[in-house]
Amino acid sequence: MTDKLIIFDTTLRDGEQSPGASMTLDEKVRIAKSLERMHVDVIEAGFPIASPGDFEAVKAVAETIKDSTVCGLARALDKDIERAGEALKGADSGRIHTFIATSPIHMKMKLRMEPEQVLEQAVRAVKKARQYAADVEFSPEDAGRSDPDFLCRVLEAVIDAGAKTLNIPDTVGYNVPDQFGGLIRNLRERIPNSDKAVFSVHCHNDLGLAVANSLSAVMNGARQVECTINGLGERAGNAALEEIVMTVKTRKDIFPCSVAHIDTTQIMNCSRLVSGITGFAVQPNKAIVGANAFAHESGIHQDGVLKSRETYEIMRAEDVGLTTNRMVLGKHSGRNAFRTRLKELGVEFKSEAELNDAFARFKELADKKHEIYDDDLQALVTEASLAAENERIRLIALKVCSETGEKPEATITLEMDGKESMTVAQGGGPVDAAFKAIDKVVNSGTDLQLYSVNNITSGTDSQGEVTVRLEKGGRIVNGQGADTDIVIASAKAYINALNKMLAPEERAHPQSGDV
Ligand code: KIV
Ligand code: ZN
């Protein structure tokens with residue numbers, strides 16, 4: 001019998017550590033439900049001690065999700081483990097994931113601890129975590145640069161202390177596939193009680209090798225892979241879930257384990273949901289979920305595919321859920337059809353008022369754009385949740401004049417802290433003018449780091465989805481906005497980012513070394 005490959009998704013934890021990718025509680029629950037629909041085995045919902053908001057989000061995911069294990073991250077510290085245990089109380093199946101760094105550089109420079117102290121703290125943390133959960137995972141952070149002899153000692157000891165999963169992270173994305181696979185094989189062979197735990201891997205993508213390293217580890221005995229939707233994560237990101245799953249599925253002829261339990265038709269929806277919520281757009285040539293991944297545009301390819309699909313296609317678009325983005329609703333669709341389709345997409349309204357509000361916005365959109373696709377619906381709901389959060393600034397009206405030979409000019413009416421004001425500004429282009437007009441009112445002192453526009457569906461009547469990234473004093477936030485008018489979408493995105501920036505945030509980073 002083929003082993004099952006455990007898919008551990010960390011989009012809500014490591015993914016959220018990407019600059020500006022922070023998500024609200026409601027957004028995390030929506031993504032968790034989408035992962036559950038995909039039958040992902042473990043959902044790492046966050047780092048509960050980071051802030052009260054993070055705690056509440058892990059708690060909400062734990063109480064909502066029934067068919068996947070919900071995991072909370074904790075440093076190897078009593079206070080972190082207690083907080084994670086508390087957040088996971090309501091879970092049908094909960095896991096505590098505790099970690100401490102084991103590489104010489106991390107122990108010396110970050111922890112300022114001797115190796116023996118680290119070993120002792122790892123064991124103590126696992127024993128403590130077992131008081132709150134039967135299912136405990138341990139990670140020796142920066143294992144990819146740790147001394148294998150020391151790793152063997154630590155891992156043997158934490159298995160004895162009750163760890164059920166040993167996760168080997170390549171924290172800085174330094175390893176290469178043969179080496180990393182060899183490390184996993186070596187650890188499994190040398191640790192006397194290694195058969196008592198599942199070996200897992202968690203690879204970062206700094207050298208573009210996260211997926212290759214993870215798969216090499218699987219070939220060498222790892223049976224859990226930690227990954228994220230769209231490869232989101234710290235710096236260059238984590239191994240992309242969709243690439244891991246589709247590789248093991250497509251090449252079942254060579255992999256010693258199976259992902260048959262994963263409903264891959266949910267991949268596309270989940271990918272779009274994550275990129276819409278975080279503002280991290282998917283590059284067109286990204287494997288599996290990029291817009292071009294299944295587009296056989298060149299004449300030669302088209303000819304081949306028409307004669308026999310297998311000529312150039314190794315996977316079917318339907319298998320990743322591409323065909324589910326069909327045109328579903330239009331101007332004449334009723335409330336019931338609207339509610340039903342959103343339910344199928346995993347969105348449930350908390351009240352009739354919320355449904356009525358979303359339906360009114362849907363009708364407004366359907367007036368401007370006749371064919372409404374799933375992606376439009378997702379954007380509509382994401383926008384509503386963005387607007388509901390921390391809204392100190394509100395867009396009331398925007399008029400932009402753009403004419404050949406003239407400087408574009410924007411007239412904007414905003415409400416800030418309940419007070420309405422109108423300003424006019426000129427700019428290099430209509431978007432620049434609109435941003436300058438907004439800044440005249442808000443005076444934010446932020447630095448614009450990124451501005452990007454994507455069309456949500458195809459065609460010139462498509463909604464433009466704009467992402468704006470702002471930085472101030474080292475803090476980074478992303479804002480999103482969608483509209484059939486891209487200048488309005490841009491203003492909405494800028495205002496959304498400013499609202500986030502104005503909301504105070506005190507949050508601990510799990511790997512910063514501060515305790
Ligand atoms: O990259 C890493 O080492 C991590 C650990 C917390 C598992 O994210
Ligand atoms: Zn990581």
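The legends below describe close-up views of a predicted model.

View 1. Domain 1 covers residues 3–286 and domain 2 covers residues 294–321. The centres of domain 1 and domain 3, taken over C-alpha atoms, are separated by 34 Å.

**View 2. The interface between domain 1 and domain 3.** Contact here involves ten residues of domain 1 and eleven residues of domain 3. Together the two domains bury about 920 Å², with 37% of this area on carbon and sulfur atoms. On the domain 1 side, the most area is lost to domain 3 by Arg-30, Arg-37 and Asn-269, which together make up 46% of what that side buries.

**View 3. Polar and charged pairs between domain 1 and domain 3.** Two salt bridges are counted between these domains. Asp-26 pairs with Lys-350 in a salt bridge whose closest N and O atoms are 2.9 Å apart. Three residue pairs are in polar contact across domain 1 and domain 3, both residues of each pair being at pLDDT 80 or more. Helix H1 (25–37) and helix H10 (267–278) are the elements that each give two or more residues to the side of domain 1 touching domain 3. Sorted by class, that side of domain 1 has six charged, two polar and two nonpolar residues.

**View 4. The zinc ion (ligand 2) and its protein donors.** The donors are Asp-14 through OD, His-202 through NE2 and His-204 through NE2, at 2.0 to 2.2 Å from the zinc ion. Their spacing along the chain is D-x187-H-x1-H. Asp-14 sits in the loop between strand E2 (6–9) and H1, while His-202 belongs to strand E8 (residues 198–203), so this pair ties together parts that lie 188 residues apart in sequence.

Notes: Residues numbered from 1 in each chain as written. Chains lettered and ligands numbered in written order. Predicted model: local features only at pLDDT ≥ 70, side-chain atom pairs only at ≥ 80, totals over all residues. Heavy atoms only, no water. Domains from an automatic or database assignment. Contact = heavy atoms within 4.5 Å. Buried area = accessible area lost by both parts, 1.4 Å probe. Salt bridge = Lys/Arg side-chain N within 4 Å of Asp/Glu carboxyl O. Polar contact = N/O pair within 3.5 Å; in protein donor to acceptor, adjacent residues only side chain to side chain. Helix = DSSP H or I, 4+ residues; strand = E, 2+ residues; numbered from the N terminus. Nonpolar A, V, L, I, M, F, W, Y, C, P; charged D, E, K, R; others polar. Donors = N, O, S within 2.8 Å, 3.2 Å for Na, K, Ca; no water.
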